[in-house]
Amino acid sequence: MFDVFDDELASNDSKAKHHYDVNDWYVWLQNRAIGTYNPAATVATSFGGWNTDTEGGETKPALRPDQLREILAVCDDGEDRLLVVALGAWGLRRGEVAALHVSQFIPNAEPPRIEFDNRKNGPSSVQLLYGVEDYLNRVEALDASGWNGYLFPSNAAKSGHIAPGTVNNRFERLVEAAGVTLHGERPTPHACRRYWYNAYQDAMQDLQEQVAPMAADQGSSSAAVVVDKYLSGEQARRARRGAMRERLANVFEGER
């Protein structure tokens with residue numbers, strides 16, 4: 001099907017959108033232990049130029065790890081830090097960040113997760129491979145004053161929480177203070193989500209490199225085949241989580 005997309009779709013952005021939608025679906029299935037194989041996982045290495053987020057023929061930029069560290073360094077409090085963690089370490093959309101509520105979090109599960117009843121692709125959960133401590137610190141700080149359960153509350157809004165535009169404004173303030181730019185412009189919160197996808201792809205590559213000796217011993221030319229076919233579903237999930245958790249920790253640790 002991706003071959004058909006590559007042949008028939010003129011827009012690189014459309015091709016990438018189909019890839020991300022399909023990949024999101026299979027990642028959700030794997031995280032819920034419903035699916036054991038993600039046929040979209042290696043698409044990014046198979047189709048050259050269109051596999052990344054593109055616009056006008058140019059790659060939409062994602063924040064680099066060092067840029068995220070610079071943004072974290074100017075966070076004055078736990079609220080600012082949690083906003084960056086939610087965008088970059090959890091890969092959430094700005095509207096999802098604005099409306100985060102304590103009732104969505106299951107911090108003691110393995111792995112910890114956030115549950116969404118109504119998301120772009122329907123009900124789903126997001127694993128917290130990093131940032132549980134930031135979440136708990138935020139809850140503790142808010143509990144001290146008594147609050148409505150939203151992690152980013154607003155007394156002025158009928159919803160009880162800040163608006164997506166406020167997430168934009170706060171993030172813009174942080175990137176301006178950090179002096180971070182992408183192609184000469186200030187990055188938006190979506191650049192954090194693109195970082196998350198890039199980090200996940202890199203983590204998958206790290207995992208494949210780790211099992212490459214096993215693939216060679218078995219005479220297989222593809223480490224991806226070993227991951228998908230010879231590791232159990234739970235082994236593969238643990239390995240993916242560990243690889244991604246390590247990448248996130250390398251970026252977000254030490255900036256408290």
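Predicted model: local features only at pLDDT ≥ 70, side-chain atom pairs only at ≥ 80, totals over all residues.
Numbering runs from 1 along each chain as its sequence is written, and side-chain values use heavy atoms, with hydrogens and water left out.

- Glu253 counts as partly exposed because its relative accessibility is 41% (buried is under 20% relative accessible area, exposed is over 50%, partly exposed is in between, using a 1.4 Å probe and protein chains only).
- The side chains of Glu253 and Tyr130 make a polar contact at 3.4 Å, meaning a pair of N or O atoms within 3.5 Å; within protein, one must be able to donate a hydrogen and the other to accept it, and residues adjacent in sequence count only if both atoms are side-chain atoms.
- Arg69 is 184 residues from Glu253 along the chain, yet their C-alpha atoms are 9.0 Å apart.
- Arg81 belongs to helix 4 (residues 78-88), and its 6% relative accessibility is why it counts as buried.
- Arg81 also has a side-chain partner: a polar contact of 2.5 Å links it to the side chain of Asp134.

**Helix 7**
- Helix 7 covers residues 164-178, and its 15 residues span 21 Å from first to last C-alpha, close to the 21 Å expected at 1.5 Å a residue (that is, 1.5 Å times one less than the number of residues).
- Its buried residues are Val167, Phe171, Leu174, Val175 and Ala178.
- These lie on the same side of helix 7 because they cover an arc of only 95° around the axis, taken from the directions from the axis to the C-beta atoms.
- Exposed Asn169 and Ala177 are on the face turned away from that buried side.

- Three strands form an open sheet in the order 3-4-5, paired antiparallel; pairing takes at least two DSSP bridges between two strands.
- Strand 3 (105-106) and strand 5 (124-127) are the edges, each pairing on one side only.
- Strand 3 and strand 4 (residues 113-116) are joined by two bridges, and Ile106 is opposite Arg113 in strand 4.

**Confidence**
- Mean pLDDT (the predictor's confidence in each residue, from 0 to 100) is 81 for the protein chain, with 76% of residues at 70 or more.
- Over residues 51-58, pLDDT stays under 50.

Methods
Helix = DSSP H or I, 4+ residues; strand = E, 2+ residues; numbered from the N terminus. Contact = heavy atoms within 4.5 Å.
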